[in-house]
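Please view the sequence and structure before reading the points below.

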Amino acid sequence: MSHIDSAPSTPGKFKMEKATYFNRVRWHTSLAKLAVWSFVFLGAILIFFFRSPASTPVPADLSRRSLRTYNWGGPVWEKRVRASARVRSRNGFAVLVTGAAGFVGTHVSAALKRRGDGVLGIDNFNDYYDPSLKRARQLLLERTGVYIVEGDINDEALLRKLFEVVPFTHVMHLAAQAGVRYAMENPGSYVHSNIAGFVNLLEVCKSVNPQPAIVWASSSSVYGLNTKVPFSERDRTDQPASLYAATKKAGEEIAHTYNHIYGLSLTGLRFFTVYGPWGRPDMAYFFFTRDILKGKVIPIFEAANHGTVARDFTYIDDIVRGCLGALDTAEKSTGSGGKKRGPAQLRVFNLGNTSPVPVSDLVGILERLLKAKAKRNIMRLPRNGDVQFTHANISYAQRELGYKPTTDLHSGLKKFVRWYLNYYSDVKKADE
Ligand SMILES: NC(=O)c1ccc[n+]([C@@H]2O[C@H](COP(=O)([O-])OP(=O)(O)OC[C@H]3O[C@@H](n4cnc5c(N)ncnc54)[C@H](O)[C@@H]3O)[C@@H](O)[C@H]2O)c1
């Protein structure tokens, strides 16, 4: 600090006033050298950044969790991508599953692979919740022959490369920043994944030839502050109660635009509180289980005047069947060369269970399955994104997709608890 303060303010000028002709020539030569070295240095920086298309930095943007560089590309990598996406059944699809290391993504990828479709996953493995769970799901999928490319859906060069290697017939788009409460902590991550990422994916899909059909996850949260039940696809969705809901609603409007202008076939699925094995640790049924076992107090919300908070809990296998039904009934996109050639399919479906259960009943079931008493702390529902209840009308999905949920909450939670106890006892053993 003191060194900088004591330096003359115009050192160059001070020297030039006293310089001889010889000194002046030397000065110009030094300047020329300096210029040459500056160019060399600048050139080196440019080469460093633009050298390899196989390692694309995610642009500095709103998400502090996604500022990472991923490695992809090369013949070995391409071979792996091709092998994973190879279709093994007659009339099977080649499906790109975004968010494949996520809860729903893992189950859908495994189901598609099982029936002979080609599946390639992409996921950025962000740390919104314990990434080791995502890695464990990745391992599970690897064993079934599904490769998950580590990358961000905002990485246009990567997505283009994937479509160059595999002409995907379908995209199952599940990558998103989920969770309603976290939006108050990190709003940028919702814009990054649910809006910018979705647009980037659609930009790539609209321009490839042939265009894939896209099925993507919207959310029951778009019903927001609606009070009319059960929620029907025809109901208003312009009163979101969280930024998460607002980004999903924006996604539905963006889908409309890309369908309208470019002829992309788009099907949005409004999932209602999905639960099950390999689930998400940020969801109530999951952390209630953890906290009941630890003897920790769990918050149970109630609305004004002791109003019941209820959710239309939907078991993962039912959701997977809905996703597959949507893929199977998706019509081809109609555009090519980035231009629409005719009207294309645009749909939105509720995928719920049609039987909302009060959250306190959920806790009762967990107590019985875990053989442990919950320490309940009844609290007023905070105004941070959660709504009082969700309840799906699924008649449209029933008609068009053959969607018919078959798992009640008790049977589904039983399977979840069995998985939870196994998984975390294995994790504990591995840590010891
Ligand atoms: N689980 C539910 O109850 C529920 C309810 C309604 C809607 N949804 C929607 O369903 C989809 C799947 O949900 P989930 O429960 O499996 O969530 P999840 O968080 O387990 O899965 C999402 C995956 O996407 C990945 N991801 C996020 N941003 C990404 C990006 N920019 N690039 C690449 N990968 C990225 C994450 O790492 C994660 O593995 C999401 O779109 C979610 O909003 C889920």
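The notes that follow are grouped by topic. The model is predicted: local features need pLDDT of at least 70, side-chain atom pairs count only at pLDDT 80 or more, and totals for chains, interfaces and linings use all residues. Residues are numbered from 1 along each chain as its sequence is written.

**Ligand shell**
- The ligand is surrounded by 29 residues, the closest being G99, G102, F103, A176 and A217; a residue is near a molecule if its C-beta atom, placed from the backbone, lies within 6 Å of it.
- Two or more shell residues come from each of α5 (103-114), β2 (118-123), α8 (187-207) and β5 (213-219); helices (H or I, at least four residues) and strands (E, at least two) are DSSP runs, numbered from the N terminus.
- Helix α5 provides the largest share, three residues.

**Strand β6**
- Six of the six residues of β6 (266-271) are buried, that is, 20 or more other C-beta atoms lie within 10 Å of their own, with C-beta atoms placed from the backbone.
- L266, G268 and R270 point one way from β6, whereas T267, L269 and F271 point the other way.
- Six bridges join β6 to β5, in parallel, and T267 is the bridge partner of V215; strands pair if DSSP finds at least two bridges between them.
- Six bridges also join β6 to β11, again in parallel, with G268 opposite V348.

**Loop residue G337**
- G337 lies in the loop between α11 (316-329) and β11 (346-351).
- G337 is exposed (12 or fewer other C-beta atoms within 10 Å), because it has 10.
- N209 is 128 residues from G337 in sequence, yet their C-alpha atoms are 6.5 Å apart.
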